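Reader: Hello! Could you walk me through this structure, starting with its overall layout and ending with how the helices pack?

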Amino acid sequence: MTSLPTSVSSTAALLARGGYIAGEALATSVFLALKLQRPILLEGEAGVGKTELAKVLAATLQRPLVRLQCYEGLDLAAAAYEWNYSRQLLHIRASEATGEKQSTAALERDIYSADYLLKRPLLQALELSVEGTAPVLLIDELDRADEPFEAFLLEILADYQLTIPELGVISATTPPITILTSNRTREVHDAVRRRCFYHWIDFPAAQREREILMLKVPEAPSELTRQVVAFVQSLRKMDLYKTPGIAESINWAQALAALDCVSLDAGKVDSTLGTLLKYQDDIARIQGSEAARLIEEVKTKAREGTY
Ligand SMILES: Nc1ncnc2c1ncn2[C@@H]1O[C@H](COP(=O)(O)OP(=O)(O)O)[C@@H](O)[C@H]1O
Ligand SMILES: [Mg+2]
């Protein structure tokens, strides 16, 4: 068990050990969330490293990762708990069959006990949260869930507890490390925001993206990595239907390296664009003359030493 970092720089170092390059601002937000035991809401475009941060924290702190992937229609039964109706029914039948006289109240006490509860991620996380080994609870892509679902989270985010009407209050003995993410396809409600620290993860600056690529795609020659980053950074300034994230630049560098490419050329760029752009409209717009122009721009910048 790794203990929690004690400063911003040791937080950044911890994440780096897990292969995650965080800037000062993000390392500060994470440090404070850990230190003050508050949930953190990470927002940003797809592919900027929100989910990865939670995974790396769990791995480097050697904590279990409990993940709740949100989707339209997600409800309490799938997110927190559900009564095991078939087992409850079996119990009732069995007690009828044996003919033993049990009061209704006693029977209810039996079937509404923890034994008959199906535990889903939120409840699992609370139960795992004991001193020193609290898990990382990742509530991923909250913007995909329907708005009313957010109300279920308020009790957990504020008090790290969950009230089950038939059973009582289930509390974490120590707070789980709670990370919420949103791709901002809709706004997360104020009530959730108030209970969390907030951090917007932007696309990385060129310097940081180069560090990430050097770490994740060590097989790519360093000149190629520089060119890939400069090219992707220019693409992000264009008004594309889907701007490539870090995941896409990693894939592209891996693809080019796999093709033994040492420097960008029009042919290789055109034939590998599908690893970087995922919509035909975007590919059609960049392929050909636009790609050639961007390659020229990247190489001019290289000659002038401005990237
Ligand atoms: N700061 C970073 N350091 C290292 N790798 C990163 C970083 N940010 C993103 N990545 C890489 O990009 C990929 C996509 O990130 P992910 O967390 O899935 O994005 P999001 O959840 O924001 O959509 C990750 O698998 C990881 O390899
Ligand atoms: Mg994600």
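Author: Happy to. Domain bounds here come from an automatic or database domain assignment. Please keep in mind that this is a predicted model.

Reader: Thanks! Which domains does the domain assignment of the protein chain give?

Author: One of them is made of separate stretches, namely 8-71, 129-163 and 173-200, listed together as domain 1. The other two are 81-114 and 206-298. The assignment therefore reads domain 1 (8-71 + 129-163 + 173-200), domain 2 (81-114) and domain 3 (206-298).

Reader: What distance separates the centres of domain 2 and domain 3?

Author: The centres are taken over C-alpha atoms. On that basis, the separation between domain 2 and domain 3 is 61 Å.

Reader: Now the ligand, please. Between which domains does ligand 1 lie?

Author: Ligand 1 is surrounded by 18 residues, and the closest are Gly49, Lys50, Thr51, Glu52 and Ala247. Two or more residues of this shell come from each of α3 (50-60), α10 (206-216) and α12. By class, the shell has nine nonpolar, six polar and three charged residues. Because both domains give residues to the shell, ligand 1 lies between domain 1 (8-71 + 129-163 + 173-200) and domain 3 (206-298).

Reader: On to helix packing. Are α1 and α2 roughly parallel or roughly perpendicular to each other?

Author: The axes of helix α1 (residues 8-17) and helix α2 (residues 24-35) come within 8 Å and cross at roughly 100 degrees. Angles of 65 to 115 degrees count as roughly perpendicular. That is why α1 and α2 are described as roughly perpendicular.

Reader: Which residues make the contact of these two helices?

Author: By class, the contact of α1 with α2 has six nonpolar, two polar and one charged residues. From α1 come Val8, Thr11, Ala12 and Leu15, and from α2 come Glu24, Ala27, Thr28, Val30 and Phe31.

Reader: How is the crossing of α10 and α11 handed, left or right?

Author: Their axes come within 10 Å and cross at roughly 135 degrees, and the two helices are therefore oblique to each other. The crossing of α10 and α11 is right-handed.

Reader: How many nonpolar, polar and charged residues are in the contact of α10 with α11?

Author: On the α10 side are Ala206, Glu209, Arg210, Leu213 and Met214, facing Thr225, Arg226, Val228, Val229, Ala230 and Gln233 of α11. They divide into six nonpolar, two polar and three charged.

Reader: Finally, how many charged residues does the contact of α11 with α12 have?

Author: Helix α11 (residues 222-237) and helix α12 (residues 246-258) pack at about 140 degrees, with axes 10 Å apart, which makes α11 oblique to α12. Leu224, Thr225, Val228, Val229 and Val232 in α11 meet Ser249, Trp252, Ala253, Leu256 and Ala257 in α12. By class, this contact has eight nonpolar residues, two polar ones and no charged residues.

Note on methods
Residues are numbered from 1 along each chain as its sequence is written. Chains are lettered from A and ligands numbered from 1 in the order in which they are written. This is a predicted model: local features need pLDDT of at least 70, side-chain atom pairs count only at pLDDT 80 or more; totals for chains, interfaces and linings use all residues. Axes are lines fitted to C-alpha atoms, for helices over the stretch in contact, and angles run from 0 to 180 degrees between N-to-C directions. Helices (H or I, at least four residues) and strands (E, at least two) are DSSP runs, numbered from the N terminus. Angles under 35 degrees count as roughly parallel, over 145 as roughly antiparallel, 65 to 115 as roughly perpendicular and the rest as oblique. Two residues are in contact if their C-beta atoms, placed from the backbone, lie within 7 Å. Ala, Val, Leu, Ile, Met, Phe, Trp, Tyr, Cys and Pro count as nonpolar, Asp, Glu, Lys and Arg as charged, and the others, Gly among them, as polar. A residue is near a molecule or strand if its C-beta atom, placed from the backbone, lies within 6 Å of it. A crossing is left-handed if the near helix is turned anticlockwise from the far one by less than a right angle, and right-handed if clockwise.
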